[in-house]
Every structure is written in structure tokens, then in C-alpha cells.
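Reader: I am new to reading protein models, and I would like to go through this one slowly with you. Could we take it a question at a time?

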Amino acid sequence: MTKALEVRNVSKVWPEITALTNVNFSLENSEIHSIIGPNGAGKSTFFGVISGELEPTEGEVWFGGQMVNKIPAWKRTRMGMSRAFQVPKVFPGLSIEENLLVSLRIEEKWKDRLKAKGFWKPSAASMKKTEEFLKEVGLYEQREKNVKNISHGDKKRLEIAIAIAFEPKLLLLDEPTAGMSPEDTIETVKLIKKIHELYRPTILLTEHNMDLVFSISHRITVLSRGQVIVTGKPEEIQSNELVKELYLGKEDGQDVANT
């Protein structure tokens, strides 16, 4: 059976730094997989190579049974890959509802190969989807609020709503709880589990909150200095002596760095 994603012998090198070295990695369909490691481990570069923001220097990235090295990020979105960023990328001048509607209309127009005429006249289907997704992420009651006036946690939830509105096969979540309060973090964990239960996407995330990582992941991969150290189930990672010493800490089991 085709893997959801395969990374084969990928390296990423700049003139002054080697960010990734001979990385091999794969995702099973519909699993939740977390990437952890200290500062400088290469997590952000790894996400960039997968999403299409960066092209690997060597190696191959396969998505949906197709090698996608030369395919840009926006085309990978069309193929079924969505990403929510550490710093939410939303339109601050629009309302919550308008942000999601814009994304849905772009997708709708692309699928129908229609001209831009009538773009700001959302279809009944777009309105229905907007209501559905905003309710699912807990933002429907605030739908008319301007995004610049909502909390950081709500902006992150809005970006997740936008990401799932494309009905992705692969959902990339870059530090989904970064900067959140403990309460918002708990709600975001519930939201990720809910999304997975409802839509069954494959989810790949980077995250510094180890409680979240170990509670939500089917498998975990540890990166260090651009190389994969180990991949395993949460209990295997927790009991790995090298991981405990270098990343989780011998005493408290906490991650020593977040990106």
C-alpha cells in the first residue's frame, strides 16, 4: 500500500550550513506523527522541504505516489497537502468568517476553472461549509469579529479551520500550540483529535509541548543536527535512553527546546 508520504535520502545544504543530511522518513496513512528535537535540529527545514517551500539539495519527496521535488507549495495544496504555520497566516483586515470564505472561494473557483467574476458572491455550498468548519473549531459565535481583535489561540484555530477546509489528505501542523495559554492548549489538543476522528487525515506536526506529543501521537521521530535519531511509538521514545538524555531530560521528561 502506498505511504501517505515518503522522504528518501533527503539532504538540504546552504553555503554556510547543512540543515538536513540523508533523511529517510515515511508516514502511514491516517496516522498522527510528531517531529521533535532541539534548536537547530532541522525541523523547520524538514517541514519546508515536505510542504514545497524548499527544494531538497539531494534526495526525493514522494506524496500520493508521486515525486514532488519540483512541485511548488500551492500545487501540493491542490494535491491534498495543507499546512498551518507556527505564526498564523491569516488576513488581519477581515473577519473570521471572511477569512474562511476567501479560502473556500479560491478552492471553489480553482476546481470549477471559473473566472474571478462573482468571487465575492459566495455560493450556498461555501456558506454552509464555512458555518460547519467554524462550529467544529469553536469560532462560529465569533464569526463576525475582525481577526486583528481575536486571541492568538483563536487565530491558530482559524488557520486550522482554513487548512481542513481544503479536505487535505496530509495536514502539516507547525507548532500548533506555540504561544498558547494552558487552557487554549488543552482545547487545541481536543480539536486535533476531533479533526482526525472526523476526517481521518494523516497529520504531521512539530511541537515543543511533550505532554501533547506523547498524548496525541501514534509515532514520534526525533531529529538532531539534521539527522533522524530514532522513530518509534510514544512509549518507545519515552524509554529510549539517548532521547531521554539529549532531548527529554533525565529528571522531568520535558523537551529542552522547541524548534
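**A walk through the model**

Author: Let us start from one residue of this predicted model: His196 touches Ser30, Glu31, Ile32, Pro201, Ile203 and His218, leaving aside residues up to four places away in sequence. His196 is found in helix H6.

Reader: Why does His196 count as buried?

Author: A residue counts as buried when its relative accessible area is under 20%. His196 falls below that cut-off, and therefore counts as buried, with a relative accessibility of 6%.

Reader: Which residues of H6 are buried, and where do they lie around the helix axis?

Author: The buried residues of H6 are Thr185, Thr188, Val189, Leu191, Ile192, Ile195 and His196. Seen down the axis of H6, these buried residues fall within an arc of 160 degrees, so what they line is one face of the helix.

Reader: Which exposed residues does the face of H6 turned away from its buried side carry?

Author: The buried side of H6 has a cover that includes strand S3 (32-36), helix H4 (124-136), H5, strand S7 (170-174), strand S8 (202-206) and helix H7 (210-216). On the face turned away from that buried side, the exposed residues are Glu183, Lys190 and Glu197.

Reader: How far apart are the end C-alpha atoms of H6, and what span should its residues have?

Author: Helix H6 takes in residues 182-199, which is 18 residues, and at 1.5 Å a residue these should span 26 Å. The expected span is 1.5 Å times one less than the number of residues. The value from the model agrees with this expectation, because the end C-alpha atoms of H6 are 26 Å apart.

Reader: Which residue follows H6, and what is its phi?

Author: The residue that follows H6 is Arg200, and its phi is positive, near 55 degrees.

Reader: Is Leu170 buried or exposed, and which residues does Leu170 touch?

Author: Leu170 lies in strand S7, and Leu170 counts as buried because its relative accessibility is 0%. Leu170 and Met79 are 91 residues apart in sequence, while their C-alpha atoms are 9.4 Å apart in space. Not counting residues up to four places away in sequence, Leu170 touches Leu5, Leu27, Phe63, Gly80, Met81, Ser82, Thr202 and Leu204.

Reader: Which element gives the most to the lining of the largest pocket?

Author: The largest pocket has a volume of about 600 Å³, and 23 residues line this pocket, with Thr77, Arg83, Phe85, Ile162 and Phe166 nearest its centre. The elements that give two or more residues to this lining are helix H2 (73-79), strand S6 (81-84), helix H3 (96-112) and helix H5 (152-165). By class, the lining of the largest pocket has 12 nonpolar, five polar and six charged residues. With five residues, the element that gives the most to the lining of the largest pocket is H2.

Reader: How many cavities of 30 Å³ or more does a search of the whole structure find, and which element gives the most to the lining of the largest cavity?

Author: A search of the whole structure finds one cavity of 30 Å³ or more, and the largest cavity has a volume of about 40 Å³. The largest cavity is lined by Ala84, Phe85, Lys156, Glu159, Ile160, Leu173 and Pro176, and these lining residues divide into five nonpolar, no polar and two charged. With three residues, the element that gives the most to the lining of the largest cavity is H5.

Notes:
Residues numbered from 1 in each chain as written. Predicted model: local features only at pLDDT ≥ 70, side-chain atom pairs only at ≥ 80, totals over all residues. Heavy atoms only, no water. 1 Å grid on protein atoms, 1.4 Å probe; cavity = no way out; pocket = protein on both sides within 12 Å on 5 of 7 lines; lining within 4 Å. Points joined across faces, edges and corners; volume = space filled by probe spheres on them. Helix = DSSP H or I, 4+ residues; strand = E, 2+ residues; numbered from the N terminus. Nonpolar A, V, L, I, M, F, W, Y, C, P; charged D, E, K, R; others polar. Buried < 20%, exposed > 50% of the residue type's maximum accessible area, 1.4 Å probe, protein only. Arc of directions from axis to C-beta. Contact = heavy atoms within 4.5 Å.
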